[in-house]
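The sequence and structure come first.

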Amino acid sequence: MGLKIYIDGKYYQKEDAKVSVFDHGLLYGDGVFEGIRTYDGLIFKLKEHIDRLYQSAHAIMLEIPMAKDEMVEAVKKTLRENEMKDAYIRLIVTRGIGDLGLDPRKCSKPTVIIITDKIKLYSQEFCEKGLEIVTISTQRNIHESVNPQIKSLNYLNNILAKVEAINAGVEEAIMLNSEGYVAECTGDNIFMVKGDALYTPPIHSGVLRGITRGAVIDIAHLKEIPIHEEVLTRYDLFNADEMFLTGTAAEIIPVIKMDRRKIGDGKPGKMTAKLITEFHKLTKVDGVRF
Ligand code: PXG
């Protein structure tokens, strides 16, 4: 039996799961999304993801045509339909079907899509040996345009950054904000370790309020590791003892080289390893059953 995909309350086989070419999600990237994970039958940080989805939607004046608890039920049911214990969930709400103009008022009803799929991760090699990353020239969105906190369907800016990373022969790129401070990577937040403390750029540096980022901050508080949300420059990162990225797909992934500079001793660090262990512990207990 193939994968079943939820579209507006109905289930479709993968081959038949289609949206209209007049959907403004396709025509304009007008919509919002979330990427969520399940670990052995537990949905990790579901409430946080649902809240962020509704906040993104609110920010673009898109009214999701179902209440949060109905959305939660739809996600759980889709996981059950597909009998998945370890899944990657993609929740998408588009502006819906309209005409060939930008006007969102022409779209009568948002389209709600829930895809549950296998998890595609960074290779084991990157997790163990660490990633090499580069700073690229595409800047992170400025707050007064598509605010970086909106997880919109319009990811072209991040894709341009990703293309630059690929052109440079690496997997990930650091985007700076318009002031030249470190923001984040194309689909991950960034942290560094200096001495016994953790540092990550504050939200106002132009980063998505990552849910994995939040989990790492919570772990730091719990383990009494000093954590500073501080404006960072490339210089700060070059001279870090350790560096890692956080995201729903990546979890916590060590960075060992940035712009050809070795980070610390050029190997995944001890603090990073400790946080990975603590994070995995959290995924085993901190979740919603489905
Ligand atoms: N920054 C950006 C720009 C992101 O898009 C993160 C940070 C990490 O946030 P969370 O909440 O996941 O810790 C993201 C989210 C994918 C995929 O399929 C992942 C993201 C975005 C788009 C696609 O791997 N990450």
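In this predicted model, D40 and K85 form a salt bridge, with the closest N and O atoms 3.6 Å apart. This pair links distant parts of the chain, since D40 sits in the loop between β3 (31-39) and β4 (42-44), K85 sits in the loop between α3 (68-81) and β5, and 45 residues separate the two. Both D40 and K85 are exposed.

**Salt bridges**

The count of salt bridges in the model is 18.

| Pair | N to O distance |
|---|---|
| D40 and K85 | 3.6 Å |
| K109 and D8 | 4.0 Å |
| K47 and D51 | 2.7 Å |

The side chains of K109 and D8 meet at 4.0 Å, N to O. This pair also links distant parts of the chain: K109 belongs to the loop between β5 and β6, D8 belongs to the loop between β1 (4-7) and β2 (10-13), and they are 101 residues apart. K109 has a relative accessibility of 47% and therefore counts as partly exposed. D8, at 35% relative accessibility, is likewise partly exposed.

Because K47 and D51 are four residues apart in helix α2 (residues 46-59), about one helical turn separates them. Which of these two partners is buried and which is exposed? K47 is exposed, with a relative accessible area of 57%. D51 has a relative accessible area of 17% and is buried, because the cut-off for buried is under 20%.

**Strand β7 and its neighbours**

Strand β7 covers residues 131-135, and four of its five residues are buried, so the strand is largely enclosed by the rest of the structure. On one pairing, β7 runs parallel to β14, with three bridges joining them. In that pairing, L131 stands opposite V255 of β14. Strand β7 is also parallel to strand β8 (residues 172-176), again through three bridges. Here the bridge partner of V134 is A173 in β8. A173 is buried, with a relative accessible area of 0%. How far apart in space are A173 and E132? Their C-alpha atoms are 9.1 Å apart, while 41 residues separate them in sequence.

**Surface patches**

Strand β14 (residues 251-258) also contains K257. At 32% relative accessibility, K257 is partly exposed. Together with R260, K262 and K267, K257 forms a positive surface patch.

A nonpolar surface patch is made up of V21, F22, L26, I97 and L100, and their accessible area together is about 520 Å². One of these residues, I97, lies in the loop between β5 (88-94) and β6 (111-117). I97 has a relative accessible area of 47%, so it counts as partly exposed. The loop that holds I97 also holds K109, the salt-bridge partner of D8.

Key. Residues numbered from 1 in each chain as written. Predicted model: local features only at pLDDT ≥ 70, side-chain atom pairs only at ≥ 80, totals over all residues. Heavy atoms only, no water. Patch = residues over 30% accessible without salt bridge, like charges linked within 9 Å, V, L, I, M, F, W, Y side chains within 5 Å. Areas by Shrake-Rupley, 256 points an atom, 1.4 Å probe, with all protein chains shown as cover. Lys, Arg positive; Asp, Glu negative; His and termini not counted. Charge placed at Lys NZ, Arg CZ, Asp CG, Glu CD. Buried < 20%, exposed > 50% of the residue type's maximum accessible area, 1.4 Å probe, protein only. Pairing = 2+ DSSP bridges.
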